[in-house]
Amino acid sequence: MGKKKQKIILPPDLPPEVPDEEVEVSDEDLDFVDQHSDYANFMSKIDTPSLTKHVSRVADANEGALELLYEKKLRKKFENKEKEENTLEVDPIDALPLKTADGQLYYRRVKEPKEAAEESGESIKDPALVKPTKAEKRLKTKKLRKEAKKQAKEEEVQQTPQEEVLDEVKKDLTAEEANEKKKYKFAELGTTLLADPESNIRLLKEMLELSKDGDSTIVILGLKSLLAVFKDIIPGYRIRLPTEKEQEMKVSKDVKKMRFYESTLLSAYKAYVQKLVALQQQTAYQLVATRCLCTLVAAVPHFNYRESLLAAVVKDISSQDDVIRKLCCSAVKSLFTNEGKHGGEVTVEAVRRIAELVKSHNCQLHPDSLEVFLSLSFDEDLGKPERSDMDKKAKYKNFKKRKGSDESNQKPENDRKKSRKEMMSKTREEVNADYKAVSSDQDPQERRKMQSQTLSAVFQTFFRVLKHTVQPKSEGSVNGAFGSHPLLDPCLNGIGKFAHLIDLDFMADLMQCLRKLAGNGNKSADSSENSSCQLTVSERLRCCIVAFKVMRNNLDALNVDLQEFFIQLYNLILEYQPGRDDGDLLAEALKIMLCDERQHDMQRAAAFIKRLATFALCFRPAESMAALVTVKHLLQKNAKCRNLLENDAGGGSVAGAIAKFQPQVLDPNLCGALASVLWELNLLMKHYHPSVSSIAATISTMNANTNQVFRVHASPQQAYTELLKENESFATPSAIKRTNNKRKVSDSVPVQGPDLNSSDEIDENAIRSKLSQHFSLLHDIQENERLRSEMDHTRQSLNLYETYKMQKKRKARSN
């Protein structure tokens with residue numbers, strides 16, 4: 001038997017090498033190996049070098065036969081490839097398909113040797129015979145990494161919008177958590193500072209750094225927290241930092257600790273104030289910054305950097321924002337009312353800053369910016385002239401002379417007694433000086449000096465406003481945001497309040513200015529000057545009231561004539577309109593100018609009695625009551641004016657020099673009111689309001705008897721306010737009758753047309769429609785009457801023509 005050929009078994013192809021970095025071992029595999037560790041021990045005993053040597057060995061020593069076998073194998077591959085061009089041999093390891101993220105299946109196939117060689121730039125080699133070099137391994141790892149990066153980019157592009165939304169939500173949640181941490185941090189730092197400020201003063205800088213956050217809520221919270229801390233830890237004195245010489249001196253530990261505390265507090269407070277002033281310009285933080293500034297001004301006006309705080313507050317005292325303006329005004333008022341906190345220095349500075357603000361804005365500010373002056377208070381003896389030092393020295397000299405003359409008669413004293421007296425006087429002076437330095441009481445001279453400076457600045461501002469109001473306006477001038485004369489009312493109120501402190505040297509100029517304002521461009525009897533300012537009736541009434549207040553509080557200025565103001569009041573009664581003008585001012589003017597005066601000229605009193613009685617018919621019940629109360633006061637004081645109540649043919653002409661009453665005359669002294677009769681009282685007695693009718697009846701019962709005693713009624717102001725309150729719940733008799741008639745009408749019949757007398761609020765459109773219907777109906781009636789008359793006229797003419805024809809025919813027949 002022949003020998004059989006030995007079968008050559010070729011080693012299998014090695015799988016493609018995968019780098020160790022890309023090998024991923026799952027947790028399930030690790031758990032499996034841990035659970036079956038008894039079966040997996042053989043893995044540690046495998047001899048990998050011998051296996052690799054066996055796999056990579058050459059099958060036979062006869063290399064020619066081996067080459068022939070490989071050539072046959074390659075031929076078979078090429079033949080199969082010609083048959084199936086598009087098919088490739090599947091790698092045994094990647095025989096199973098792979099699934100992409102889109103859900104598609106694909107097979108990972110081995111590349112042809114030519115393609116692999118072209119990509120790697122090397123010649124074709126059989127992987128079963130040759131091991132890949134290190135360079136080839138590096139190329140493969142680089143390719144695999146590039147493919148992984150491409151896949152990662154594709155996955156990022158294919159991310160859904162839902163994932164983006166989730167990312168944003170996560171970011172918001174993290175931001176909210178950070179804000180909550182900052183809030184807790186503020187609370188922790190604040191409580192630590194308040195517990196022991198001297199030891200933890202450095203935490204102020206940390207709070208300032210935290211408040212520099214970009215989030216607005218954190219910034220606002222930081223500002224409020226710092227405000228609470230500063231209000232609590234600021235001392236009751238101004239901090240003075242040590243000089244260079246003082247710093248070089250040796251001091252104790254307590255002094256060093258105090259200096260460090262004060263310097264740190266002052267630097268942090270300065271940074272805080274600067275931040276508030278900067279944030280005041282931003283709309284998002286304007287309200288919070290202004291509130292913090294106003295709180296600091298009101299709470300610690302004695303502390304450092306009050307000039308910066310006061311400048312920031314006064315700047316917004318005329319803001320168009322109501323909340324900010326009220327905050328600033330209340331802060332300034334608290335400075336004026338609580339001068340004990342700062343000794344009056346801040347009051348002087350605030351008044352000067354307001355005066356500069358009025359000057360820079362040309363008196364075009366909100367009225368609240370000047371009404372703060374009404375909160376000022378001055379000593380009563382401030383207006384009295386103080387004794388000069390020369391008078392005091394002269395008095396002292398006279399006293400010395402008298403004392404010397406008395407002592408010349410006595411024996412000369414010893415030198416010891418003189419030296420003892422000198423020492424006692426020196427010690428008294430030193431003690432008094434130390435007491436003034438230590439005591440909290442303010443020096444009367446310094447207080448008087450500061451109050452005089454404040455008063456001069458206040459009156460300087462008032463006179464500037466009056467001068468600006470009197471000056472004529474140019475044609476192209478435009479009113480400001482707050483009106484043409486916004487500061488006139490608070491200015492007049494301030495002059496009326498501080499009238500007793502006005503210097504008599506300025507009295508004539510002030511009265512002349514008030515006379516021009518009350519005239520409002522009308523030519524008066526005494527002056528031919530015209531004023532181009534256009535004021536309302538209420539403002540002109542206020543000018544008259546202020547003039548009388550100034551004269552009453554300064555009894556020394558008796559040489560000023562007030563006749564011009566009586567003329568203006570006499571004419572303003574004609575221009576007054578209920579509802580448009582202030583009735584309280586009219587009642588106050590009647591009280592101050594007519595009721596409070598002791599005596600009046602008979603002609604002037606009669607003129608006011610006649611005019612007030614006439615226009616009480618046109619006023620509302622409140623104004624009518626004030627006017628009739630004034631009439632009653634004038635009749636009580638002037639017995640001869642009671643002749644107006646008589647019904648003679650000439651009235652009271654017996655007592656008057658003017659024989660005829662002229663109501664159109666502007667001057668009450670020249671109108672001849674004594675020649676008239678108060679016929680208005682007869683109509684006022686039938687007034688629908690019971691109070692008005694009762695007082696009219698009381699006035700009509702007066703007679704010319706001088707011994708008659710009357711019950712003194714309330715002032716015009718009190719009567720006006722009382723009746724104004726009663727009118728809110730008072731219903732007229734006509735309205736009551738109308739409502740009763742409406743109740744009698746059945747519910748089915750609708751009531752058409754507005755009720756014109758039931759309330760003050762009237763629908764103008766309804767009235768116009770009613771009036772148009774009424775007048776159109778009247779027009780139709782008149783047109784109908786005209787047409788009927790024309791028709792009658794034509795009918796009569798036709799009848800005449802027919803009768804003429806008949807007569808003509810009869811004549812023809814007769815002939």
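Colleague: Is glutamate 783 buried, partly exposed or exposed?

Modeller: Glutamate 783 is partly exposed, because its relative accessibility is 29%. Keep in mind that this is a predicted model.

Colleague: What cut-offs are you using there?

Modeller: Buried means under 20% relative accessible area, and exposed means over 50%. Partly exposed is in between. So 29% puts glutamate 783 in the middle class.

Colleague: Which residue does glutamate 783 meet in a salt bridge?

Modeller: Arginine 786. The N to O distance is 2.2 Å.

Colleague: Where do glutamate 783 and arginine 786 lie?

Modeller: Both are in helix α30, which covers residues 764-814. They are three residues apart, about one turn of the helix.

Colleague: And how exposed is arginine 786?

Modeller: Arginine 786 has a relative accessible area of 37%, so it counts as partly exposed.

Colleague: Which glutamate forms a salt bridge with arginine 786 at 2.7 Å?

Modeller: That's glutamate 790. The 2.7 Å is between the closest N and O atoms. Glutamate 790 and arginine 786 are both in helix α30. Here the spacing is four residues, again about one turn of the helix. Glutamate 790 is partly exposed, at 40%.

Colleague: How many salt bridges does the count come to?

Modeller: The count comes to 20 salt bridges.

Colleague: Which residue pairs up with glutamate 339?

Modeller: Arginine 447 forms a salt bridge with glutamate 339. Their closest N and O atoms are 3.6 Å apart. This pair links distant parts of the chain, 108 residues apart. Glutamate 339 is in the loop between α13 (322-337) and α14 (345-360). Arginine 447 is in helix α18, residues 444-470.

Colleague: Is glutamate 339 buried or exposed?

Modeller: Glutamate 339 is buried, because its relative accessibility is 16% and the cut-off for buried is under 20%. Arginine 447 has 27%, so that residue is partly exposed.

Colleague: Which residues are linked in a network of salt bridges?

Modeller: Asp322, Arg325 and Asp368.

Colleague: OK, new topic. Which residues form a negative surface patch?

Modeller: Asp27, Glu28, Asp29, Asp31 and Asp34. Take glutamate 28 from that group. Glutamate 28 lies in helix α1, residues 27-35. It is exposed, because its relative accessible area is 63%, and over 50% counts as exposed.

Colleague: What makes up the positive surface patch?

Modeller: Arg138, Lys142, Lys146, Lys149, Lys150 and Lys153 form that positive patch. Lysine 146 is in helix α5, residues 134-157. Lysine 146 has 58% relative accessibility, so it counts as exposed.

Colleague: Which residues make the nonpolar surface patch?

Modeller: Leu771, Phe775, Leu777, Leu778 and Ile781. The patch is about 470 Å². Leucine 778 is in helix α30, the helix where glutamate 783 and arginine 786 lie. Leucine 778 is partly exposed, at 35%.

Colleague: Back to polar side chains. What does the side chain of asparagine 179 contact?

Modeller: A polar contact of 2.9 Å joins the side chain of asparagine 179 to that of aspartate 215. Asparagine 179 is in helix α6, residues 161-195. Its relative accessibility is 18%, so asparagine 179 counts as buried.

Colleague: Last topic, the backbone. What is the phi of asparagine 362?

Modeller: Phi is positive there, about 55°, although asparagine 362 is not a glycine. Asparagine 362 is in the loop between α14 and α15 (368-371).

Colleague: And what is the phi of cysteine 363?

Modeller: Cysteine 363 has a positive phi of about 65°. It isn't a glycine either. Cysteine 363 also lies in the loop between α14 and α15.

Colleague: How do they compare for burial? Start with asparagine 362: buried, partly exposed or exposed?

Modeller: Asparagine 362 is partly exposed, because its relative accessibility is 47%. Cysteine 363 is buried, with a relative accessible area of 3%.

Terms used:
Residues are numbered from 1 along each chain as its sequence is written. This is a predicted model: local features need pLDDT of at least 70, side-chain atom pairs count only at pLDDT 80 or more; totals for chains, interfaces and linings use all residues. Side-chain values use heavy atoms; hydrogens and water are left out. A salt bridge is a side-chain nitrogen of Lys or Arg within 4 Å of a carboxyl oxygen of Asp or Glu. Helices (H or I, at least four residues) and strands (E, at least two) are DSSP runs, numbered from the N terminus. Buried means under 20% relative accessible area, exposed over 50%, partly exposed in between (1.4 Å probe, protein chains only). Patches are made of residues with over 30% relative accessible area and no salt bridge: like charges are joined within 9 Å, nonpolar side chains (Val, Leu, Ile, Met, Phe, Trp, Tyr) within 5 Å. Accessible areas come from the Shrake-Rupley method with a 1.4 Å probe; for residues, only the protein chains shown count as cover. Lys and Arg count as positive and Asp and Glu as negative; His and the chain ends are not counted. The place of a charge is taken as NZ of Lys, CZ of Arg, CG of Asp or CD of Glu. A polar contact is a pair of N or O atoms within 3.5 Å; within protein, one must be able to donate a hydrogen and the other to accept it, and residues adjacent in sequence count only if both atoms are side-chain atoms.
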